[in-house]
Each structure stands twice: as structure tokens, then as C-alpha cells.
Amino acid sequence: MDQQPIARLASREACIRLGRVIPEATVATSVAPTSKAPARPRPAPPMLARSPLILSALRHDIHAAAVCWGLRKQGAAPVWIESWADPGMAPLSLHCDASGLRANGGPADPGVSSVWFRRPRAPESFPGALEADLPFLRNEWGRFVNNVHALAGELGGPLWVNSPSAAIDAENKMVQLRAARRAGLRFPATLMSSDPAEIRRFVGAHQRVVYKPFQTHTWLDAASGKMFSTYARIVDAEMLRDDASLRQCPGIYQAVVRKRHDVRVTLIGDRAFPVRLDTPPQDDFIDWRIASLADTMRAKPAELSTAMLAGLQRLMRELGIVFGCVDLAIDAAGDAHFLEVNQAGQFLFLEQAVPAMPMLQAMCAMLAQGRTDYSPESIDGVNFADYLSSDEHQHWWERVGGGIKGKDGAIPGVSVE
């Protein structure tokens, strides 16, 4: 298959993740079943009899919107909630006595096939509550939610995508690298520190080192109106000059992989969708997202060895997650170096580049059937392109788009600078 340029969505199809615009620019991929995890003991439930529960606090979450559309097209009844206090869900109760732990309502409802722990957030709004009571209510809900998340795996039958406790742990980069080591994956030497001496020693030992923030952050320049964001970039001498600055903010420092290209692998249950990403030279920036923003990234299906796919499946088991987007750097010898896994990553931008890669179909099938060894063939006529052209997408965008666009009608983006 020929390489295809990444196609950025028109402005109305862009979505925001954690307050920053993530263009649904995207990529192609080949579908590869990974090594089988142990099958869930029950048979696949009838799709029409059970409902997936989708937890996303972001009303502009295009992934949640598209999955709800796909599930409804098949006759399922997904429930999209913004928090565990959402009135659209039966209230959740936890019980513990001499007979053991049990729950009812919410994800413990027998009609729930799966829970997509997509973009969780503690309840913040309480209609009718006094202003003076809000801190108390938020604290009480926060502590209740902590109990729900800690015990989610014991609340009955639904498949969690992903289990809250595992998802929270998997957000930590060093936890990921520990799991990668146990899974037998190759990865670059990494330091997390705010100690100027340690940072300089690490850079001296590895010469070419990349700095990464723990999470992307964006600043607005009041004078120009431009948005400036943190991306992975090569460390230079100026960045290491000031002890006070290094001590002020810890960072992730990683030995650079002299890569030929990137591969992003979306793992949805027992299936994997690997995509090759080619970007032009970026000087001291090595983050493919910059090329995506500049419309210079190219993508095509990738091939991963059986051994690599097995290693990624071991990684997922080590982390206790069933969905994740893995970033690999491929060097000149063709060896893959694990960089990170995003347990709540974006994947629809991949399907947009190569519509034959059925990631939306796969996610809908897993959530509907409530098992990782799902049958994608049971979901028919569900793809991202059809969703984007649907009336449902248009109506959804009319509801949420106004809160995303600026006064000039454009979506505030992240500048390459």
C-alpha cells in the first residue's frame, strides 16, 4: 500500500484532550491479533441484552461520541456518564459484611457489559447545593470514588477498559518502563529527576538525550495570541545551565534512539493495529506530533514480528490493562524500542488515514461483548468515516463546538514553535 499523507480533520472534527487540541490527523494500520490472553469464562453476551457504560467527563470527546454512535447502530444502549454522580446512571452502592463485598447500581448493574474508563473526573457540580457546602461534597465524592476505583475489579461481571487502579498506575512512566523490562522489551535508559548533578551526569553519559514533560502543557502568549506547548526535544547545554530552573521542575530525561521512523500500535483487547509514522527531520524536536500539526507526517500499515506482538501483550498483562496506544521507535537495524503506552490514547485519527483499519469497529465489539477475545465480525457497518458524515455527528458537534471554537470561528491550536 502506498504511503498516504496524514489527513487532518476539518475544524469541526477536531477534538480536545485534556484542554489541548489534538488534531484527528491520522494513520493507517494493519490488523494483527496478538497472543491470546486467557478467555473470559462466560460466553459472549447477546449485544442487545447488555449496555456498555462509558465514563468521560469531556462532552467534546469524539471517541466517546463515535463509540456511542457505533453501538447504537447495532441496537445496543450505551450510557455515557460524566462522573459516578451522573443522574443518567443508577446510583452505585458498595456493601461489605460477613458475607463479603458486593455492589449494586452503576457498573455493578447486571445489564452492564463493560465500562470504558475513558476520561474520568470526580464530580464537581451539585445543583441546588449551597456554595459553602461544595468543598465538603467534592471531598466526600472524591473519597467515595477512590473506593469505587480501588475495588472495581471485584464489582461483578463487566469488562473494565481499563480497570481504574491499573489505569491510574499505568499513567506513570516509570511504572511503564518497569513493566517493559519485565516483558522483555527494549527501551532507552531513562532518568526522572530534579537534581542538576544527576541530570548533567546522565546527559554526559549518554551524550544525546531527550527531555520530556510528564504531561504536555500549553501556554498562551498574551501579546501574540499564540499557543506554546511542551513536546519532547533534544537537551542542549543552555537547558542545563541554571541549577535553580532544573531544581524547580522535575523532568523525564531519556537517551535518544537514533530512529528511522516511529510505529504506533493500538491494542484493543486481543487485537493489535500497528502503524508506521514517517516524519521529516525536526532538528532538536523529535516528537511526531509536531509533524502531525504541520501536516508533514506520513503513515502506512506496519508489520510487527510475532515476538514483538507477544512482548506487547506481556506488557499489557504486566500493567493489567486491555487497551492502550504504544509508541515504538524503530532504529536503522529495524529494532523496536519501547517509549511509552497511553492507556487512554487516541486512536480514531489512525483509522481516518486508512479507513480499512477497523479500530472503531473493534472497540465497539469489545465493549458490546464485554470480553477481550471479541468477534469484530459481529459489528457490521461501523467505521469512523461513516460516523463523521452522519447526522448524529453533526448534531453532536453543534452542541459542543461552540465551547471549542474561538471568537474568530477557528479552534485554538498548538503552535509548532
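Predicted model: local features only at pLDDT ≥ 70, side-chain atom pairs only at ≥ 80, totals over all residues.
**The parallel sheet**

Start with strand 5 itself, which covers residues 51–56. Strand 5 runs parallel to strand 9 (residues 112–119), and 6 bridges join the two. On another pairing, strand 5 meets strand 6 (residues 79–81), again in the parallel sense, over 3 bridges. There, Ile 54 has Trp 80 of strand 6 as its bridge partner.

Put together, these strands belong to an open sheet of 4 strands in the order 6-5-9-10, with parallel pairing. Strand 6 and strand 10 (159–161) are the edge strands, each pairing on one side only. On average, and ignoring direction, neighbouring strands in this sheet are turned by 15° against each other. Helix 1 packs on the sheet, where it touches strand 5, strand 6 and strand 9, and its direction makes about 170° with that of strand 5. Helix 10 lies across strand 5, strand 9 and strand 10, and runs at about 130° to strand 9.

So how much of strand 5 is buried? The count is 6 of the 6 residues, so strand 5 is largely enclosed by the rest of the structure. In a regular strand, side chains alternate between the two faces of the sheet. Here, Ser 51, Leu 53 and Leu 55 point one way, while Pro 52, Ile 54 and Ser 56 point the other way, and all are buried.

**Two helix pairs**

Packed helices are described by the angle between their axes and the distance between those axes. Here are two such pairs:

| Helix pair | Angle | Axis distance |
|---|---|---|
| Helix 1 (residues 62–73) and helix 10 (residues 359–369) | about 65° | 9 Å |

Take helix 1 and helix 10 to begin with. Angles of 65 to 115 degrees count as roughly perpendicular, and helix 1 and helix 10 are therefore roughly perpendicular to each other. Their crossing is right-handed. On the helix 1 side, the contact is made by Ala 66, Val 67, Trp 69, Gly 70 and Leu 71, and on the helix 10 side by Leu 360, Met 363, Cys 364, Leu 367 and Ala 368. By residue class, that contact divides into 9 nonpolar, 1 polar and no charged.

Now for the other pair. The crossing of helix 4 and helix 8 is right-handed. Helix 4 brings Val 175, Gln 176, Ala 179, Ala 180 and Arg 182 to the contact, and helix 8 brings Leu 315, Glu 318 and Leu 319. This contact divides into 5 nonpolar, 1 polar and 2 charged residues.

Strand 12 (residues 209–212) pairs with strand 15 in the antiparallel sense over 2 bridges. Which residue of strand 15 stands opposite Val 210? That would be Ile 234.

**A closer look at His 261**

Is His 261 buried or exposed? Buried means under 20% relative accessible area, and His 261, at 12% relative accessibility, counts as buried. What is His 261 in contact with, leaving aside its neighbours within four places in sequence? The list is Arg 276, Leu 277, Asp 278, Leu 328, Ala 329 and Ile 330.

Key: Residues numbered from 1 in each chain as written. Heavy atoms only, no water. Pairing = 2+ DSSP bridges. Axes fitted to C-alpha atoms, helices over the stretch in contact; angles between N-to-C directions. Parallel < 35°, antiparallel > 145°, perpendicular 65-115°, else oblique. Left-handed = near helix turned anticlockwise from the far one by under 90°. Contact = heavy atoms within 4.5 Å. Nonpolar A, V, L, I, M, F, W, Y, C, P; charged D, E, K, R; others polar. Buried < 20%, exposed > 50% of the residue type's maximum accessible area, 1.4 Å probe, protein only.
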